Amino acid sequence: MSEPIEPPWSAEQIQALAPDASSLKSAAKLAGGSGWSSTGTGGTPAGLWGLCQGSGSTPYQICVDLTEPAYKCSCPSRKFPCKHALALLLRWSAGKVDAAAPPQWMTEWTTSRGARAQKKAEAATAPRTEAQEKAAAKRAAKRAESVAGGVAELRVWLSDQVRHGIAGLDQAGYRPFEQVAARLVDAQAPGLAAAVRRLAPLPSSGSGWEQRLLAELGLLHLLAGAAADADALPEDLAVTVRSRAGQQVSADQVLAGPRVRDRWQVTGARDELDDKLNSRRVWLRGRDTGRAALVLSFAAPGQALPVDLVLGTELDADLTFYPGVAPLRALIAERHGAPSACPAPGPAQTVAQALDEICTALAADPWLFSWPLLLTGAFAPGQPWHLVDADGDALPLDPSFGEPWRLAAVAGGEPITLAAEWGPSGLRPLTVYAAGEVIRA
């Protein structure tokens, strides 16, 4: 008989995996129901399985690979994880799933997943043919020419802002920015388009908007100038500039780079949803190296975002980082076993250590607009609120986050560990770790 997977994830960690509120509500009802004819945990890789009676005559077969995690259910739902997989995880969290030998259908699923992963790895390492290399070079040259045209247009627009002044932009709305951004998208420079769109709200952001807009226009002018002459820059900086402009590095290229193995702690996650593309930012921090990493994923509206990294866990894994002067975004190249609970991540930073890390990152990449931190301290009310460490140093919270009374109540006036995103407006809390609890902000 297989050994149970210990300790199970908490109910709050599992709730964070739900694709929407209705799935979670249905899962909570199913988890306590009597429709379960069989459940178990164990096997290699570590997994969960169960049979749950649905509306048909045959029970649904639910499989969960806890290593990634990954999910499969024979129900017709297109949500991942579906309510049955969430319910099985909730039963496991409540101690209602015992160790057992996996059934054949569970073994077949894990075996097929392993075979697909092996095939994908072999395809990724297979050398490209001469024809494929020529076609790729032709596409790259055509795209570079298009981007160069977009950069030239952007530089003219930026010069016009200085020449004519910005005094009337607070009355013009988003349209002037959106027109420039649309042209940059057509020029295959989506990174520059996103940077222009980030300028649009500034003229209506209240007192002092002129200084804020000028500062951002200056950074954008610096980026456009660097992009126009990227070939003359040092290699790492040129890669960063091209990436900021929107040039993509393929996953195969990233995975072929050097690997960094560590106990990677999943400290925070944030979703950004819009009508064109949804994204999920998952922040990791190495327990031994102290290194920060970002795993970024995307999904079209209506499709589920990946949920293979569970908040409040840590995994022994190899990461490969996207190239650049301040490498942050990464891919998981290989996992070494199932994730384990991580109710107390570390090493946590003081405010001074955090500021040193931010300054180093900004000196290398001045276009950074967020950076992950893992801080220790206590919440202090004010306008805005601050996180104050044991040395009396403090960092402000982003006012757009609102007043964090719920998080302060969890802390109970005591020091906590806070995972947060730093940005120009302050800290945006992601996760609070207090008294062994993992609380998503």
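These legends go with a few views of a predicted model. Local features here need pLDDT of at least 70, side-chain atom pairs count only at pLDDT 80 or more, and totals for chains, interfaces and linings use all residues. Residues are numbered from 1 along each chain as its sequence is written, and side-chain values use heavy atoms, leaving out hydrogens and water.

View 1. The C-alpha trace spans about 75 × 65 × 40 Å along its principal axes. Of the 441 residues, 42% count as buried, meaning under 20% relative accessible area with a 1.4 Å probe, protein chains only.

**View 2. Four strands make an open sheet in the order 1-2-3-4, with antiparallel pairing.** Strand 1 (36-42) and strand 4 (70-73) sit at the edges with a single partner strand each, so one side of each has no neighbour in the sheet. Two strands pair if DSSP finds at least two bridges between them.

**View 3. Zoom in on strand 2 (residues 47-52) and strand 3 (residues 60-65), an antiparallel pair with six bridges.** Look for Gly 50: its bridge partner in strand 3 is Ile 62.

View 4. Gly 426 is buried, with a relative accessible area of 6%. Leaving aside residues up to four places away in sequence, Gly 426 touches Pro 396, Leu 397, Asp 398 and Glu 421; contact means heavy atoms within 4.5 Å. His 386 is 40 residues from Gly 426 in sequence and 9.0 Å away in space, C-alpha to C-alpha.

Conventions. Helices (H or I, at least four residues) and strands (E, at least two) are DSSP runs, numbered from the N terminus. Buried means under 20% relative accessible area, exposed over 50%, partly exposed in between (1.4 Å probe, protein chains only).
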